[in-house]
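Please examine the fold below before reading on.

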Amino acid sequence: MPNDRDLPPTLDAGVPQTARIWNFLLGGKDNFAADRAVGEQILASRPELAESARLSRAYLIRAVTYLAGEAGVRQFLDIGTGLPTANNTHEVAQSVAPSSRVVYVDNDPLVLSHARALLAGGPEGVTDYIDADMHDMDLVLRGAAATLDFSEPVAVLFMGVLGHVEDDAVAQGIVRRAMEAVPSGSYLAVYDGADVTPANVEAARIWNESAAQPYHLRSPARLARFFDGLELVEPGVVPVTRWRPEVDAPEIDQFCAVGRKP
């Protein structure tokens, strides 16, 4: 687990942070007591959430594999990447297409310190990291342009982060600005928590009581609005375990979709 003496000066280990709570739920060690306290409280009321975190991560792997393989995308903009774990976006993309270029975006100081050390691309590809907030999409796009060619298709990923934006219009504006910057043939991939079960609503309530960044659940219909103007890839907006699964898994209340810009 992180040593407090080695932390960036802007990091407050006493305030629970989304990336570190999620890292705890995934079984990682890059978290602090405050993060674990929130995670343990959530797991006490909903122990299956750890499995939900793993299954959501598995969707990311399948989506990136599809994008780098069948869809032929060679550029990825992963916004709100979180702490590095196994099978990060660049590892998956470059295992399929070694020349893939990947840019990560996050604004958590601990994510930044780990990204510098861990998110190194393969010899044929490129991996970069931008310290920025998705609310400032112009800054994100300017930084990404140093690595990505916006005249060629880009896969834009928002994995589990749009729930941190409460207002639908603001969240849709963030996605719209990102997709306006990329050309025809680009893709959007999203997953987020849905308000389809009382258990998930309660888990979000517990999270929001303690975490520095509240998380707001949306219905599948509201999540679908992020794909307005895009061509949904089959099977559309579905639970993450129903998006092109390789093995059977229980249906969970994280919903996802992939869409193509025509």
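Helix 1 (18-25), helix 3 (49-68), strand 1 (75-79), strand 2 (101-106), strand 5 and helix 8 (198-210) each contribute at least two residues to the lining of the largest pocket. Helices (H or I, at least four residues) and strands (E, at least two) are DSSP runs, numbered from the N terminus. The model is predicted, so that local features need pLDDT of at least 70 and side-chain atom pairs count only at pLDDT 80 or more, while totals for chains, interfaces and linings use all residues. Residues are numbered from 1 along each chain as its sequence is written, and side-chain values use heavy atoms, with hydrogens and water left out.

Rolling a probe the size of a water molecule over the atoms shows where empty space is left. On a 1 Å grid over the protein atoms alone, a cavity is a set of points where a 1.4 Å probe fits but cannot get out, whereas a pocket is an open set with protein on both sides within 12 Å along at least five of seven lines; lining residues have an atom within 4 Å of a point. Grid points are joined across faces, edges and corners, and a volume is the space filled by probe spheres set on the points.

The largest pocket has a volume of about 850 Å³. It is lined by 45 residues, of which Thr-18, Ala-19, Gly-160, Val-161 and His-164 are the closest to its centre. Helix 1 gives the most to this lining, with five residues. By class, the lining of the largest pocket holds 21 nonpolar, 17 polar and seven charged residues; Ala, Val, Leu, Ile, Met, Phe, Trp, Tyr, Cys and Pro count as nonpolar, Asp, Glu, Lys and Arg as charged, and the others, Gly among them, as polar. Arg-176, Glu-180 and Lys-261 are among the residues that line the second largest pocket.

There is one cavity of 30 Å³ or more. The largest cavity has a volume of about 50 Å³, and its lining includes Val-190, Phe-227 and Cys-256. Strand 5 (187-193) and strand 8 (254-260) each give two or more residues to this lining, and strand 8 has the largest share, with three residues. Which classes of residue form the lining of the largest cavity? The lining has eight nonpolar, no polar and no charged residues.

The axes of helix 6 (residues 137-144) and helix 7 (residues 168-180) come within 10 Å and cross at roughly 30°. Axes are lines fitted to C-alpha atoms, for helices over the stretch in contact, and angles run from 0 to 180 degrees between N-to-C directions. Helix 6 and helix 7 are therefore roughly parallel to each other, a term for angles under 35 degrees. In contact (heavy atoms within 4.5 Å), Met-137, Asp-138 and Leu-141 of helix 6 meet Ile-174, Arg-177 and Ala-178 of helix 7.

Most residues other than glycine have a negative phi, and most peptide bonds are trans. A cis peptide bond, with omega about 15°, joins Glu-234 and Pro-235. Arg-244 is not a glycine, yet it has a positive phi of about 45°.

Notes
Parallel < 35°, antiparallel > 145°, perpendicular 65-115°, else oblique.
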